Amino acid sequence: NIEPQTAELGEITDEINNDLGKLKKIAGRFSKIGSKPKLDKENINIVIQKVSDYFEKRIPTLVNADGIATKKVRIEIKSKRDYSAEINLDLFEWVIENLIKNAIDAMERHTGKIIFNIYDNNEEVIIDVSDNGKGIDSKYKKDVFRPGYSTKTRGWGLGLSLSKRIIEDYHKGKLVLLESNTGKGTTFRIKLNKNQT
């Protein structure tokens, strides 16, 4: 009986170390804001998968009527192949985290889904981030990237504003609210240049 406990303890220790690493990374991110960040060619699929894996382990689980634990929110990545673009890894991960957090907060149903659809055109890698949450009321759509805008009682309302700045100012890309329907969900679109020249 000791072996399963030892394995579980090892897994818990690994996750605590992951959380400590995350805290160090968060502290370092603020030093990058306001300076010119270094961009490197990165596999976008792997970066998004890594952030998604971290969140999926921390999303609260619900137990259905049969007593089976189910994820409240499932994260899915759709892509025909791997795509690369020049990004600052820490700052880009921050954007993906913000979009996932916003999507999770928007979930009002018993279960929810976040889908990353990754594809490209000649010059850009495109990432559509969709959820089936409550959506954004049409009268607030123009405000979502404004600093201080939030539908939550806690927080500063800087997540989307900061994300837009990271993508557009530091990566010379685009972050837009592509579509949102009340009660059906929201899609944000990120466009990244394959090569910064």
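The structure is a predicted model, in which local features need pLDDT of at least 70 and side-chain atom pairs count only at pLDDT 80 or more, while totals for chains, interfaces and linings use all residues. Residues are numbered from 1 along each chain as its sequence is written, and side-chain values use heavy atoms, with hydrogens and water left out. The protein chain contains four helices and nine strands; helices (H or I, at least four residues) and strands (E, at least two) are DSSP runs, numbered from the N terminus.

**Overall architecture**

- Read from the N terminus, the order of elements in the protein chain is α-β-α-β-β-β-β-α-β-β-α-β-β.
- Of the 197 residues in the protein chain, 39% are buried; buried means under 20% relative accessible area, exposed over 50%, and partly exposed in between, with a 1.4 Å probe and protein chains only.
- The protein chain has an accessible surface of about 11,700 Å², and carbon and sulfur atoms account for 52% of this surface. Accessible areas come from the Shrake-Rupley method with a 1.4 Å probe, and for residues only the protein chains shown count as cover.
- Among contacts in the protein chain with a separation of 6 or more, 69% are between residues 24 or more positions apart; a contact means heavy atoms within 4.5 Å.

**Nonpolar core**

- The largest nonpolar core has 41 residues, and F92, I114 and I127 touch the most other members. Such a core is a set of buried Ala, Val, Leu, Ile, Met, Phe, Trp, Tyr and Cys residues joined through side-chain atoms within 4.5 Å.
- Helix 3 (residues 89–106) contributes the most to this core, with nine residues.
- Not counting residues up to four places away in sequence, I127 touches I44, I48, F92, F116, N117, I118, F188, R189, I190 and L192.
- D90 also lies in helix 3, and D90 counts as buried because its relative accessibility is 17%.
- D90 and P37 are 53 residues apart along the chain, and their C-alpha atoms are separated by 9.6 Å.

- Helix 2 (residues 44–56) has 13 residues and spans 18 Å from its first C-alpha to its last, close to the 18 Å expected at 1.5 Å a residue. The expected span is 1.5 Å times one less than the number of residues in the helix.
- The buried residues of helix 2 include I44, V47, I48, V51 and F55.
- At the start of helix 2, the backbone nitrogen of N45 has a side-chain oxygen of N43 within 3.0 Å.
- Helix 4 (residues 159–170) has 12 residues and reaches 16 Å between its first and last C-alpha, close to the 16 Å expected at 1.5 Å a residue.
- Buried positions in helix 4 include L160, L162, I166, I167 and Y170.
- An α-helix has 3.6 residues a turn, so residues three or four places apart point the same way.

- K172 is located in the loop between helix 4 and strand 8 (174–181).
- Although K172 is not a glycine, its phi is positive, at about 55°.
- Most residues other than glycine have a negative phi.
- K172 counts as exposed because its relative accessibility is 53%.

**Strand pairing**

- Strand 4 (residues 73–79) pairs with strand 6 (residues 112–120) in the parallel sense over seven bridges; two strands pair if DSSP finds at least two bridges between them.
- Opposite E76 stands I115 of strand 6.
- Strand 6 also pairs with strand 7 (residues 124–131), in the antiparallel sense and over seven bridges.
- Y119 has I126 in strand 7 as its bridge partner.

- S130 is in strand 7 and is partly exposed, at a relative accessible area of 22%.
- The side chains of S130 and T187 are joined by a polar contact of 2.8 Å. A polar contact is a pair of N or O atoms within 3.5 Å; within protein, one must be able to donate a hydrogen and the other to accept it, and residues adjacent in sequence count only if both atoms are side-chain atoms.
- T186 is in strand 9 (residues 185–193) and counts as buried, at 5% relative accessibility.
- A polar contact of 2.8 Å links the side chain of T186 to the side chain of S180.
- Beyond its neighbours within four places in sequence, T186 is in contact with residues including V129, S130, D131 and S180.
- S130 and S180 are 50 residues apart in sequence, with a C-alpha to C-alpha distance of 9.2 Å.
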